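Look at the sequence and the structure before reading the points.

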Amino acid sequence: MINLKIDNKKIEVPDGSTVLDAARAANVYIPTLCDDPLLEPFGACRMCIVEIEGHRGLPTSCSTPATEGMEVKTYSSTIEVNRRTTMNLMLSDHPLDCQHCVANMKCDLQYVAGYVGVREQPYEGETRSYEKDRSNPFYVRDLDKCILCGKCVRACDELQGRQAISFGYRGFETKITTPFDLPMWDSTCESCGRCVDVCPTAALYDKSAEKNGLAMEETRTTCPYCGVGCGLIIETRNDKIVGVRGDRENSVNEGHTCVKGRYGWEYVQHEDRVKKPRVRRYLLEGGSKPKSARESEDNPLWDWVETSWEEALNITAESLHQIKKEHGSDSIGFMTSAKCLNEENYLMNKLARQVVGTNSIDHCARL
Amino acid sequence: MSNYTAIREWADEKTADKTRIIVGLGTCGIAAGGNKILEAVEKTLANNDDIKAEVVSVGCIGICYKEPLLDIEIPGQPRLSYGSVTAKDTREIIQNIFLDSKYEHKKTLATINDEAFAEIPSWKEIPFFAPQERRVLRNCGFIDPEKIEDYIANDGYLGLSRALLDMTPAAVVEETLKAGLRGRGGAGFPAGRKWSIAADNINAYKEENPDSDSFGYIICNADEGDPGAFMNRSVLEGDPHSVIEGMTIAGYAIGASYGYIYCRAEYPLAIERLKLALDQAREKNLLGKNILGTEFSFDLKLKEGAGAFVCGEETALIASVEGLRGMPMPRPPYPAQAGLWEVPTIINNVETLNNIPVILAKGADSWAEKGTEKSKGTKTFALTGKVENTGLIEVELGMSLREVIYDIGGGIPDGKEFKAAQTGGPSGGCLPASMLDLTIDYEALAKAGSIMGSGGLVIMDESTCMVDVARYFLTFTQAESCGKCVPCRLGTKRMLEILTRITEGKGKIEDIALLEELAPSIRDSSLCGLGQSAPNPVLTTLRYFRDEYEAHILEGRCPAGQCKALITYTIDEVDCTGCTVCARACPVDAISGAKKELHIIDTDICTRCDTCRQVCNFDAVLVA
Ligand SMILES: Cc1cc2nc3c(=O)[nH]c(=O)nc-3n(C[C@H](O)[C@H](O)[C@H](O)COP(=O)(O)O)c2cc1C
Ligand code: SF4
Ligand code: SF4
Ligand code: SF4
Ligand code: SF4
Ligand code: SF4
Ligand code: FES
């Protein structure tokens with residue numbers, strides 16, 4: 001453990017902590033724009049500068065390791081003057097249209113600018129202007145709003161292991177880009193959305209956010225797609241999902257998801273979604289099963305009809321019985337799903353082997 | 001007989017008593033047409049069977065303004081040097097000397113010796129050479145850089161043999177510390193201190209990771225990205241073995257068994273010669289396994305950089321060697337703690353490493369006799385700009401700027417006034433005439449707001465606009481900023497925009513305050529040395545030439561007559577003879593006037609191209 005002082009507050013932090021970690025542990029706010037506890041320190045935004053007794057200049061707290069006996073000051077006029085200048089510079093090349101922005105009220109840049117207290121723009125000059133990249137079906141890249149914090153680059157590299165994006169060009173022309181500066185959709189991006197998740201501005205945002213205002217409720221849940229069981233946070237508004245993100249508190253995925261978990265949720269509220277069991281009318285109302293495709297065409301007996309779970313399961317059980325009796329156990333096969341829980345798959349296995357008496361059971365993940 | 005003595009005897013024998021005809025073929029020599037001279041030498045020899053001489057091409061001797069250079073070395077006589085020679089001169093000089101023993105020629109420069117010879121003065125009498133102290137450049141222009149025997153015969157690898165055969169690694173670190181050699185790459189950090197920290201870290205790393213492939217690295221920084229700087233290039237082209245030897249000694253001292261030379265790809269000749277030198281050193285067992293028969297093994301790899309200024313910064317350089325984008329990382333961890341592939345690494349400049357063999361061969365005390373209390377030794381400079389003699393020079397630290405500019409440099413051409421000296425390239429500052437007596441050492445330069453840097457020295461005269469100079473350097477740093485951190489990426493951009501509008505006559509008086517607010521903040525908030533030093537040209541010009549900024553903004557006037565938007569061309573009523581030359585020369589037909597009558601420039605049409613002033617035979621075109 002390391003003992004140090006942040007603004008004269010004594011605090012003990014584990015080995016390997018940074019000064020920023022220590023400040024957070026001591027409940028002292030230091031503004032940050034390029035730091036993320038899940039990512040390696042980068043030191044790009046220069047917001048988190050502090051003064052440290054015996055150190056020269058203004059070290060960045062996010063990258064400076066905490067050491068025994070350190071005395072850290074998180075505010076002074078020097079810190080504030082330099083931070084304000086840096087923030088003014090950052091905003092001198094940022095479209096200030098917060099009211100129209102998808103990040104409005106959830107934007108880190110907006111918050112930190114508010115903390116710093118920016119009141120005017122002394123450094124007017126050229127601003128960058130790029131075409132929005134809408135090639136990815138799930139998210140938009142709007143480089144005009146990018147502050148080059150590098151979080152997306154690090155998330156894609158360190159968390160997703162994909163390295164689909166990096167810094168390109170130099171000086172004022174520097175931008176986040178794909179290999180050969182191709183559209184996102186032509187890169188190796190897997191649409192996991194992690195870069196969107198960590199972006200502190202609206203430079204990366206979900207397309208779904210264009211249609212919706214702020215989410216008003218959040219629900220923690222588990223992703224229904226596969227057996228990994230990633231923790232998700234479902235963002236809703238008036239009982240409608242407006243967004244999904246990975247749950248950082250969940251030890252299974254620490255906020256990470258694949259494209260399905262993060263973006264494959266529109267089916268939930270799709271009008272075509274089947275929400276109750278259905279059976280063919282002839283099974284419910286009697287009559288014989290059409291014998292060919294041609295016979296089933298425009299045949300009301302072939303329509304799907306909503307029914308209760310009990311009815312549907314009864315029909316299924318009876319039919320299985322019938323088939324088993326007529327053709328033997330091995331004429332029946334079972335297919336289960338990665339979307340089921342382990343317990344459900346276990347029961348399915350029991351059903352196949354013990355109840356029906358066949359070993360023909362398999363799983364979609366084998367395909 | 002030790003392995004070194006054997007190699008030395010071999011080299012001495014191979015190089016003894018040779019008659020040599022020497023052509024300067026550094027990049028400067030080649031640019032001045034050195035290859036034509038080499039051809040002429042070979043042709044002359046082919047046509048004169050009785051002349052027996054070895055033809056040798058060497059690196060830059062420093063007197064670039066006299067290239068191409070032709071030197072003749074005959075055993076028992078001082079070496080004679082001829083400058084600005086043509087193919088015809090070459091033929092004459094060789095025939096005169098070898099057939100008629102006639103040494104004088106209209107292109108005679110000096111003897112490259114302390115003695116005069118046959119009425120040819122010693123180079124010690126030539127003002128360009130007299131005040132110089134050649135230690136780093138000891139071999140440049142003297143030895144054939146493509147022959148290891150030339151280097152060895154001139155005490156090459158003697159320092160390495162002393163280190164390996166007579167000293168412990170700790171003693172080598174101690175010797176370097178004692179010499180007081182400071183890093184020549186810019187920041188001036190004591191090399192010995194860097195090595196001793198690295199040696200400790202490498203030992204600790206070894207204990208913690210006994211199975212690692214490597215415990216430490218030494219990297220030679222040969223990125224040399226400052227515009228106008230060519231000191232390191234000259235050493236690599238003219239004396240590549242000195243750097244290899246210095247690195248091997250460093251490897252031994254700190255306990256590294258592997259090193260990299262990071263050289264910019266724009267230095268093809270240096271790269272070619274380094275590759276050759278590496279092969280030769282391996283062949284002579286001066287690199288590789290069990291060097292000179294000792295336990296110590298060490299080898300080097302050459303890594304070509306793609307020529308980004310920021311890749312000279314240590315952490316960016318390491319990223320680049322690793323194959324990543326050259327972008328600086330915050331420190332700590334310092335490279336000496338976790339550098340290349342996370343292993344303790346030291347990075348030294350070409351010139352720092354070039355000094356090491358001398359320290360080991362001659363001893364720290366003898367090496368440290370030159371220089372000042374805190375800045376020991378000598379330093380090379382690329383002397384350029386508005387001086388009579390431009391070139392590569394080497395002076396004892398502590399010499400005054402005045403001596404360098406007026407004695408070595410021969411003063412300002414065309415009778416113009418000195419205005420400023422710029423040291424340290426885009427990271428340095430501009431020093432005014434009142435500072436001409438400033439001594440060249442790390443502390444004095446820093447106190448004046450500039451830096452020693454790696455050796456760029458640009459001289460400016462009265463016709464240089466200092467606002468424009470600041471703008472020029474900011475254009476460079478802005479384009480070379482890696483773009484990672486906000487103060488540098490956007491701060492240099494905004495400063496550049498402000499400077500540009502001042503030079504365009506669109507500046508406001510508040511712009512000076514904006515610059516004064518931005519510059520220190522960029523210096524103090526940037527992540528790496530590039531951003532931290534980028535404001536220096538602005539800060540120093542504001543400090544020493546504030547009146548020029550004010551003249552641009554308040555009076556709409558460029559005192560140096562350089563900023564096109566702020567100058568007007570007029571024709572003097574008295575001096576104009578109405579010769580019509582200017583009117584005919586003007587590319588935009590801005591000049592009107594009948595023959596033998598006063599001509600008039602329409603300032604609305606005039607593009608300030610300066611043509612009319614240059615063609616007028618009566619100095620009647622005025623610029624204000
Ligand atoms: C932007 C930037 C560019 C640099 N370029 C060079 C360079 O071209 N060559 C060099 O030796 N050092 C350069 N340096 C300094 C190096 O980072 C480093 O301090 C030096 O190589 C250390 O060697 P030394 O101690 O022998 O001087 C540069 C530093 C910065 C910040
Ligand atoms: S990204 Fe943030 S600061 Fe920028 S316009 Fe949107 S809300 Fe405002
Ligand atoms: S969506 Fe995922 S894979 Fe694609 S760029 Fe972002 S982090 Fe990388
Ligand atoms: S896109 Fe977002 S996360 Fe990526 S660098 Fe820009 S602001 Fe940062
Ligand atoms: S100071 Fe400039 S060059 Fe250095 S890290 Fe920052 S942006 Fe890159
Ligand atoms: S400066 Fe050029 S454009 Fe102007 S009058 Fe002279 S020649 Fe013509
Ligand atoms: S959070 Fe530390 S520099 Fe950005």
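How many salt bridges does the structure hold over all chains? There are 56 of them, a salt bridge being a side-chain nitrogen of Lys or Arg within 4 Å of a carboxyl oxygen of Asp or Glu. This is a predicted model, in which local features need pLDDT of at least 70 and side-chain atom pairs count only at pLDDT 80 or more, while totals for chains, interfaces and linings use all residues. Residues are numbered from 1 along each chain as its sequence is written, chains are lettered from A and ligands numbered from 1 in the order in which they are written, and side-chain values use heavy atoms, without hydrogens and water.

**Salt bridges**
- B:K386 pairs with B:D461, their closest N and O atoms being 3.8 Å apart.
- This pair ties together parts that are 75 residues apart in sequence, because B:K386 lies in the loop between β10 and β11 of chain B and B:D461 in strand β14 of chain B (strands are DSSP runs of E, at least two residues, numbered from the N terminus).
- B:D461 is buried at 3% relative accessibility (buried means under 20% relative accessible area, exposed over 50%, partly exposed in between, with a 1.4 Å probe and protein chains only).
- B:K386, at 34%, is partly exposed.

**Nonpolar cores**
- The largest nonpolar core has 169 residues (a core is a set of buried Ala, Val, Leu, Ile, Met, Phe, Trp, Tyr and Cys residues joined through side-chain atoms within 4.5 Å).
- A:M87, B:Y157 and B:Y549 have the most contacts inside this core (contact means heavy atoms within 4.5 Å).
- Another core, of 43 residues, lies apart from it and includes B:L431 and B:Y544.

**Ligand 4**
- Ligand 4 is surrounded by 13 residues (each has a heavy atom within 4 Å of it).
- A:C146 and A:C199 are among the closest.

Methods. Helices (H or I, at least four residues) and strands (E, at least two) are DSSP runs, numbered from the N terminus.
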